[in-house]
Amino acid sequence: MSTEVRTVCPGFRGVTVGLLAAACLLALASPPPATAGTFTALTCHGPSGNAVGTRGWREGTAVGEYISYGADCASGGEGSFGLTMGPDPTGNYKNGYGNTMTYSVPAGLQILSYSLQLHAFGGPCGIQDNQCADGMGAVFVDHTGQSDPNYDYRNLGKGTATTTVGASELSDVNTVTVGVGCDPGQASYYECPGAANPEAQALVSGGSFTLLDSTVPSVTNVSGSLIAGGTLAGEDTIAFTPSDSGGGVYSATVLVDGHQVAGKVPNNNGGLCVNLAPASSATMAFAAPQPCPATENVSMSLDTTKLSAGAHQLQVLVTDAAGDQATAYDGTITVAGSPSGGSTGSTASSATDVAIGPGSPAVLRGPANGANASDQATLTAHWARTPKGSFTSRYGVRERITGRLTTSAGQPISGALLDVYATPGYQGARASLSDAGVHTGPNGEWSLTLPPDASSCVLRFAYRSHLNDTVSAATASLTLRVHAGLTLDIAPHTASVGRQIFFSGVLHGTPIPPGGKQLVLEASSGREWVEFRTISTTAKGRYRASYRFKFPGPVTYRFRVVSPYEADFPFLDGASNVVAVHEH
């Protein structure tokens, strides 16, 4: 039999739950909150102008002579890398002459989007009847699966172009190619002047790639005195071997009763496995497409004398470069404590700060929690749409979670009360215990459907084998990242030079940061989006703005509003619907 409970917690209003209450908990890993399964790979220069190199790029095989590749990405944002074609003192370039450089990601990764700061030069051609009378140098950029280049530049009298080239919302893309070559123009036998200096040039001064990691870490060889059993009374260790075939193994974290007490980057891989993103960034950033080691032997230590006497929940987590997590260990340890009775992670709330749980006197623990109640329970939680522990959704989507509570032998624990903790995913948020506890069903199963207005958060579900226990016998955690939801209206939909159009809309979700949430207005008349104004919402998420056309048409513009990620707003970046306006 299933039941439904309506409960309210931070970031959730009226969550409908089948067999379990909803909640959010503070993120358990040491890196900053990250979009699940993604990370940023930088090229040439980082966000502060520091040189990060050109890892991931590979020069192709040149067809023709005097076509060179060079790299000079210096500190302070100076320098670039790329291809130069010409001059060729021996003759002209023919159709098909040129070279490429290709950015590739290893198996297990995909390119979701990219942005390159490109300096392009295409050699001039002789213009006759508004057409090229001979060949001309050309620069192009494309990615896996494209029939036409994403960017295609020829001089045609325009000289040099410096632009940002990119693409987003990609699928099954694992390469991006930048090339220079000879375009024969109106006839295939036309040649490009070899004397031009240069005939074509493509230089990249910076850029980034958003990479999707389709793998999750795995952990083997777990051992050590920390998990060997018995009562612990000193410095104890746990050793394990994590592996990850995507971005690699980034960090390891130790938590006691849900609180982080230790964490480290086991191997910075010669400086590549170092997060270069700003502290407020939603994703980690690195200087290579596979920045961290694929496998690593890790040892973590814990001074158990710093914990209060009794049982404690121990979790050891592994995080990869994309923020995906795997559990190396999740179980209960018993410690002797210290003479001073100090505690760094106890969940005990009694006046004497004594932890009650496995190993405590039965008279203190109270009634058993559920049929088949066990100190060796297993609690699972899964997203319905992915096996990963972290999941990224968009505002307005009702995501579903399922799970089960069993003994170590696999017997269902039915009718058990599950504690649910909540912390929304914004800076400074704190964990809180939900008022609504619910019970597992006859088979120990439970399910949860999140409301459409759920914000980014981490869900943590805890089972206490006896009702008076203050230490959990089993826990499970899931992370939710939600892209912000916005609406956009524009009036009127037609205009002319000197006329105004008016923007209005709503940024969904709470809490809105003090002073309003910053939004960015963007416009496009082709493939690229251009920022043209920054505005702020009201305390209720509403916004208004206007724009007066300065140049005559005719042209059709597309407009949208973007909410950038900010640490004090519990949503990832998001974009509104697109509205078209025609200027006469």
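This is a predicted model: local features need pLDDT of at least 70, side-chain atom pairs count only at pLDDT 80 or more; totals for chains, interfaces and linings use all residues.
1. Turning to the cysteines that are bonded, the count comes to three disulfides. One of them joins Cys44 to Cys73, with the sulfur atoms 2.1 Å apart; the torsion about this S-S bond is about -110 degrees, so the disulfide is left-handed. The link connects distant parts of the chain, 29 residues apart, with Cys44 in strand β3 and Cys73 in the loop between β6 and β7. Cys44 is buried at 0% relative accessible area, and Cys73 is also buried, at 17%.

2. Cys182 and Cys192 form another disulfide, with an S to S distance of 2.1 Å, and because the torsion about the S-S bond is about 95 degrees, this disulfide is right-handed. Cys182 lies in strand β15 and Cys192 in the loop between β15 and β16, so the bond ties together parts that are ten residues apart in sequence. Cys182 counts as buried at 7%, as does Cys192 at 0%.

3. Cys273 is joined to Cys292, again with 2.1 Å from S to S, and the link is right-handed, with 85 degrees about the S-S bond. Both cysteines sit in loops, Cys273 between β21 and β22 and Cys292 between β22 and β23, 19 residues apart.

4. A separate point concerns an open, antiparallel sheet of three strands in the order β35-β37-β40, in which the edge strands β35 and β40 each pair on one side only. The twist averages 20 degrees from one strand to the next. Strands β35 and β37 pair over six bridges, and Ala491 has Phe502 in β37 as its bridge partner.

Definitions and conventions:
Residues are numbered from 1 along each chain as its sequence is written. Side-chain values use heavy atoms; hydrogens and water are left out. Two strands pair if DSSP finds at least two bridges between them. Helices (H or I, at least four residues) and strands (E, at least two) are DSSP runs, numbered from the N terminus. Axes are lines fitted to C-alpha atoms, for helices over the stretch in contact, and angles run from 0 to 180 degrees between N-to-C directions. A disulfide is a pair of cysteine sulfur atoms within 2.5 Å. Buried means under 20% relative accessible area, exposed over 50%, partly exposed in between (1.4 Å probe, protein chains only).
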